[in-house]
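I opened this notebook to keep track of what I look up in the structure. Each entry takes one topic.

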Amino acid sequence: MKLSSKIFTALILVFLFAPIVILLVFSFNASKSLSVMSGGSLYWYRELFRDAETLGAVRNTLVLAVSAALISTVMGTAASVGIHRLRSKAVRLGYEQVTNIPMINPDIITGISLMLMFVFVGRLFGAATSLNFWTMLIAHITFGVPYVILQVLPKLQQMDESLAEAAMDLGCTPLQAFFKVEIPEIMPGIVTGMIMAFTLSLDDFVISYFTSGNGFETLPIRIYNMTKKTVTPKMYALSTIIFFTILALLIMSNLIDTSAPGVARPMRRERTAEQKKRLRLAGGIGGVLAAGMIALMIIGAPDHPVLNVYNWGEYISDGSEDCFNTIRGFEQWYRENYGSEVEVNYTTFASNEDMYAKIASGAVSYDVIIPSDYMIARMRDEGMLLPLNFDNIPNYENIGESFRGLYYDPENQYTVPYTYSFVGVIWDAERVDEADTGDWDLMWNEKYKGDILQFNNSRDAFATAQYKLGLDVNDPDPENWSRALEELKTQQPLVKSYVMDEIYNMMESGEAAVASYYAGDYFTMLDAQAAGVDLRFYVPERTNYFIDAMCIPSCCQQKELAEAFINYMLEEEPAVANAEYIMYGCPNRVVYESEEYAEDMGEEAMEILYPNLDDFAEKYNRFAYRNLDPETLSLVNTLWEELKIN
Amino acid sequence: MKKNNALKHVQRAVLAPYGVWALLFIVVPLFFVAYYAFTDASFHFTTDNITRFFTAKSQVTDAAGGTREVRTYLLIFWRSLKLAIISTVICLLLGYPTAYILFRASERTQKILITLIMIPMWMNFLIRTYAWMTILQDTGILNRMLARIGLGPMHIIGTETAVVIGMVYDYFPYMILPIYSVMAKLDMKLVEAAKDLGCNGYNVMKRVIFPLSLPGVISGITMVLIPSISTFYISQKLGNGKFYLIGDAIEGQYTANNLHFAAAIALLLMIVLLVCMALMQRYANKKAVA
Amino acid sequence: MRRKIIELKGITKAYDGETVLDHINLDIYDNEFVTLLGPSGCGKTTTLRIIAGFEQPDEGDVLFLGEDIASLPPYRRNVNTVFQRYALFPHLNVFENIAFPLRVKKVPGAEIEQKVTEMLRLVALPGFEKRSVTSLSGGQQQRVAIARALVSQPKVLLLDEPLAALDAKLRKDMQAELHKIQRASGITFIFVTHDQEEALSMSDTVVVMAEGLIQQIGTPTDIYNEPQNAFVADFIGESNIVSGVMLEDRKVKFHGQVFECVDEGFGKNEPVDVVVRPEDVDIVPEDRGQLRGVVTSVTFLGVHYEIIVDVQGFKWMIQTTDFCAVDSHIGLSIEPDAIQIMHKSKYSGMFGDYSSFSNEFDELSDAEEEE
């Protein structure tokens with residue numbers, strides 16, 4: 001290679017591996033930050049191996065990818081043989097064009113089209129859940145098969161026609177000729193196609209996002225849903241492990257087959273007997289594994305009840321960082337108190353709207369969901385919630401008076417509050433003058449141009465403007481929203497970034513100096529702030545108060561079990577663990593009156609999270625979001641798009 | 001020959017499962033997109049969704065501070081297309097030489113490089129995009145390194161550049177691999193013949209290698225352009241939420257539970273892309289025949 | 001005086017330490033049809049590639065009209081090549097393939113049109129302009145490749161076994177065609193082949209190569225009638241090569257018999273190789289023969305019989321129109337001018353005895369010809 005080529009190649013590789021190096025390094029970070037390195041440790045690896053939900057998602061991803069790859073390979077190879085033999089040019093062209101569709105259609109369209117069909121067909125047959133593992137598998141096979149055909153068909157076309165004839169001439173039946181002569185000839189194409197189908201399935205997020213359903217969460221979806229809280233180095237640790245696993249597999253596969261994966265290369269005829277043996281061995285192991293996995297999916301369905309819980313990402317004490325594992329805790333508690341087994345299938349969503357879209361599609365079935373207040377009001381109005389039987393939830397008495405009879409559930413029929421919090425302003429005392437703080441004007445202060453972060457979700461962003469202007473966040477009058485939009489447009493030149501979970505990274509590292517976010521999350525940032533950053537927090541007079549509450553949607557299949565779960569969540573141990581994990585306010589008296597809890601949280605947190613609770617209900621009912629009617633929602637969406645295209 | 005015919009029958013029969021599958025899960029779903037696009041929430045026929053795409057208007061503030069009216073979705077679409085085209089062109093400019101270097105390298109080097117290029121594709125792309133944030137932000141790795149050698153901070157995150165970097169990064173291998181695999185099949189004798197007939201290095205590239213690798217280039221362009229036009233995660237993370245692309249619009253309508261309008265946008269996007277691809281394919285075929 | 005167009009001086013080339021060309025010296029003249037002939041691995045293709053510029057010699061000079069061009073890249077050399085498998089550009093049609101070198105030189109369109117048309121006429125393919133090269137037969141592709149190489153009027157045309165991929169009949173036609181084209185264009189052709197018949201029928205000069213060395217340079221007649229060593233004698237046509245001793249000028253002794261011959265200038269009692277072509281041996285009754293032997297096999301080949309005769313344990317091949325039965329005892333008689341005397345060489349004793357003769361061996365060694 002020439003020197004210039006070498007330099008060019010080196011630069012390309014630096015570009016390709018820069019982010020990989022970053023995540024390798026930060027996976028060993030001692031702190032939670034993804035931007036500031038504070039000493040090396042294996043902490044996040046230990047965390048990863050304790051995180052049953054994430055490991056479950058990894059397992060799901062692998063089950064899906066292996067099954068999809070194998071089925072795609074078999075179907076795709078068979079299809080290639082069929083297409084190759086087609087006599088009619090027109091039919092052949094038709095097949096080729098249809099096969100091209102999933103490859104040239106954007107995945108968002110493939111995802112949406114399949115979702116629309118599954119939902120429609122599901123409704124037609126009145127199925128309780130039409131989106132599940134199987135729909136995802138179908139989707140993944142659908143986009144995997146074309147890639148297998150893409151690899152296998154050219155190999156068939158290159159193959160000498162007389163090979164099969166020679167084999168039959170020498171006494172093979174047609175079937176034997178196919179398996180003994182043709183299959184080995186096209187094997188490199190089959191293997192490459194399978195690897196491609198596997199790779200695409202493994203990394204697919206968009207199509208899975210639209211076709212995923214009940215309780216089957218893959219890794220990409222789980223990562224996407226972490227956007228309410230933050231992506232921790234735990235995920236980097238996982239990526240690091242994946243990286244080295246792949247490296248090992250690649251080195252091994254290079255020993256088996258010399259052709260690079262993903263690329264059609266000239267066939268190698270001289271494969272030694274040893275290599276063939278290894279190839280067969282690898283194929284055999286893969287086949288057995290996949291068959292086992294699929295069998296597990298079919299017959300391995302547990303004979304005990306499964307409770308489907310649908311919650312925000314990173315919104316439960318899950319056993320990480322030495323905290324209590326609420327989910328396993330419930331399973332154990334249930335066994336002890338009811339004497340029978342139960343399994344919790346816990347999955348996550350990224351926003352109320354995502355959750356609503358899934359439930360409203362009628363294609364899923366969940367037993368417990370934890371939406372926010374305004375979404376609860378909407379679902380209640382639309383008959384999507386079931387009234388609770390409070391006889392099964394005796395611990396409801398732990399809920400503080402201030403958190404009962406609120407607007408979204410005035411009769412206390414449908415909900416049990418889980419957390420509450422409010423929006424405040426986080427500021428970096430190193431860069432922001434304390435005199436400028438106190439109200440919403442800081443977010444519009446020219447002095448901090450380019451250092452301000454605004455919400456990247458329409459309702460919260462509009463609300464900051466409305467509180468600032470003294471408008472009612474729930475007023476459907478278009479004028480109200482237009483004024484808020486104008487205010488946001490004024491702010492736009494000052495805004496560095498519209499953020500959700502990215503706020504952690506940006507505030508902790510000093511990338512930005514002013515941001516509004518939810519009270520509890522401020523403490524997370526405080527813990528991870530870099531040297532030279534001094535984060536503070538205040539709550540403007542007029543601001544959003546919100547409550548997330550546990551409810552049972554009408555698609556629930558196990559109502560009593562769901563109520564038992566809700567009841568358990570109010571017990572002291574899980575409730576304290578959750579409150580300490582999420583760091584939002586907790587409406588549960590056994591929590592906020594616990595001295596141990598107060599001690600763990602620290603004085604500042606207690607002061608911010610538990611101001612005078614006596615006027616909470618009054619403030620809450622005044623400032624909380626209400627459900628907006630469809631026209632207003634659509635208007636907000638349109639105005640938001642208008643802001644975003646500026 | 002009877003045996004042989006039987007074989008052919010068997011082999012045609014094995015096509016059936018895929019035929020049914022392709023019909024049910026590739027063709028029919030597309031009709032559902034069209035069906036939703038042309039119906040309202042109660043599944044009555046309407047063209048409102050389509051009309052809305054073309055007519056919805058917004059006020060935007062331009063650099064001078066004045067406001068003007070724009071067609072919301074056409075603008076969003078145009079911006080997506082622009083970013084996607086920029087990314088595709090950069091992918092091509094970087095990817096073609098890379099593929100060429102691969103093609104000229106020794107077999108051993110080729111194998112190692114291909115593997116290295118493939119590895120990042122197996123890492124979750126959400127996580128990789130997240131890692132780019134760490135690199136590109138104002139106080140990020142890149143700027144800290146620049147500061148150390150005395151260069152001023154570069155503001156990249158939240159700009160078009162950052163979004164383009166993200167797209168180029170994620171889809172780069174999809175440009176290299178098809179070009180490379182076409183080149184790998186190229187007969188080196190043709191290169192010698194061209195040199196013999198008076199071509200210098202540049203002319204060999206222009207008159208022989210490039211035209212012959214055109215099918216690879218076309219499929220590379222397709223494989224980069226399509227995902228980058230419809231992405232919504234990269235623009236959210238690296239664009240600081242300031243780039244609202246067609247993918248964001250579809251996803252936004254989906255989460256707002258407005259499936260019918262989402263379907264309409266998807267349908268129009270699909271039609272535009274199919275037309276583009278058909279044109280490009282035709283151009284390529286013409287080139288190949290000429 | 002003929003002009004030297006290419007001179008190779010002391011060319012040496014080695015791959016991975018294995019010498020392919022060993023100090024080759026070769027002059028090639030204007031308007032000449034030169035054939036490099038030799039078995040596979042003899043270095044003939046390497047010689048061609050060095051002239052074309054695809055390979056750099058390790059040692060030695062390549063002169064083009066007296067100027068050293070060793071460092072000149074192929075595209076700057078006034079030498080074009082017709083490749084073994086033609087290397088036509090699949091993305092261009094017949095016209096554009098031929099026009100290719102002119103387009104590179106930015107020749108005006110009208111001139112290109114005229115030259116290409118002329119070339120197509122020369123190679124007998126008029127009207128093929130718009131055809132795709134992949135749709136042509138082997139012979140037609142061959143002609144396009146020649147036209148493409150000739151269109152920019154090189155001083156020298158290199159042909160690397162261009163007929164190897166054609167069937168026997170087509171090959172014969174193309175041989176005649178090539179010869180005609182060479183005469184018509186007046187360009188020096190350097191032709192590489194391993195087929196001695198091809199070499200003899202087309203060339204002005206034949207260069208026989210083996211093991212990286214030039215064995216003999218001469219006209220086809222010289223090469224056939226006066227081979228300079230056992231290798232050449234054996235490689236060109238069929239030869240009986242017997243070990244003998246030159247007793248004095250015009251007297252040689254082999255098989256214990258003294259024969260008259262026409263060669264002079266060898267040392268007294270010098271050991272030599274004696275070559276007798278199979279068609280030059282006369283069969284006579286046993287008692288009248290200079291040599292006596294027993295027929296061990298007879299093969300009918302149409303124009304003649306090919307018989308193998310055991311003479312004192314040495315197997316002679318004789319081509320004759322007279323039938324002799326196997327096991328019959330016959331006499332052999334050789335005219336003085338049918339005897340060619342050669343100095344001993346390292347090839348002595350390796351060839352010329354037909355005891356293990358088989359047509360198959362020849363075919364096998366042909367099949368191993370380099371790609």
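**Entry 1: the sheet in chain A**

Helices (H or I, at least four residues) and strands (E, at least two) are DSSP runs, numbered from the N terminus. I noted that A:V309 has A:V368 as its bridge partner in β3(A). The order of this open sheet of 3 strands is β2-β1-β3 (chain A), with parallel pairing. Its edge strands are β2 (343-349) and β3 (368-369) of chain A, each pairing on one side only. Two strands count as paired if DSSP finds at least two bridges between them.

I wrote down the ground rules here. The model is predicted, with local features needing pLDDT of at least 70 and side-chain atom pairs counting only at pLDDT 80 or more, while totals for chains, interfaces and linings use all residues. Residues are numbered from 1 along each chain as its sequence is written, and chains are lettered from A and ligands numbered from 1 in the order in which they are written.

**Entry 2: chain A as a whole**

I found 26 helices and 9 strands in chain A. Of its 646 residues, 52% count as buried. A residue is buried if 20 or more other C-beta atoms lie within 10 Å of its own, exposed if 12 or fewer, and partly exposed in between, with C-beta atoms placed from the backbone. Of the contacts in chain A between residues at least 6 apart in sequence, 78% join residues at least 24 apart. A contact means that two C-beta atoms, placed from the backbone, lie within 7 Å.

**Entry 3: the sheet in chain C**

I read the order of an open sheet of 6 strands as β6-β7-β8-β3-β9-β10 (chain C), with mixed pairing. β6 (79-82) and β10 (213-218) of chain C are at the edges with a single partner strand each, so one side of each has no neighbour in the sheet. Direction ignored, neighbouring strands are turned by 20° against each other on average.

Inside this chain, β3 (residues 33-37) and β9 (residues 205-210) of chain C run parallel and are joined by 4 bridges. C:L37 has C:V208 as its bridge partner in β9(C). Helix α4 (residues 138-150) of chain C lies across β6 and β7 (156-160) of chain C, at about 175° to β6(C). Axes are lines fitted to C-alpha atoms, for helices over the stretch in contact, and angles run from 0 to 180 degrees between N-to-C directions.

**Entry 4: where the chains touch**

Which chains have the most contacts between them? Among the 2 pairs of chains that touch, I found that A and B have the most. Chain A and chain C share no contact, and their closest C-alpha atoms lie 16 Å apart. Between chains C and B, 17 residues of chain C are in contact with 17 residues of chain B. On the side of chain C that touches chain B, α2(C) gives the most, with 3 residues.

**Entry 5: one loop residue**

Is B:I149 buried or exposed? I found B:I149 in the loop between α7 (141-148) and α8 (160-184) of chain B. B:I149 counts as exposed because it has 6 C-beta neighbours inside 10 Å.
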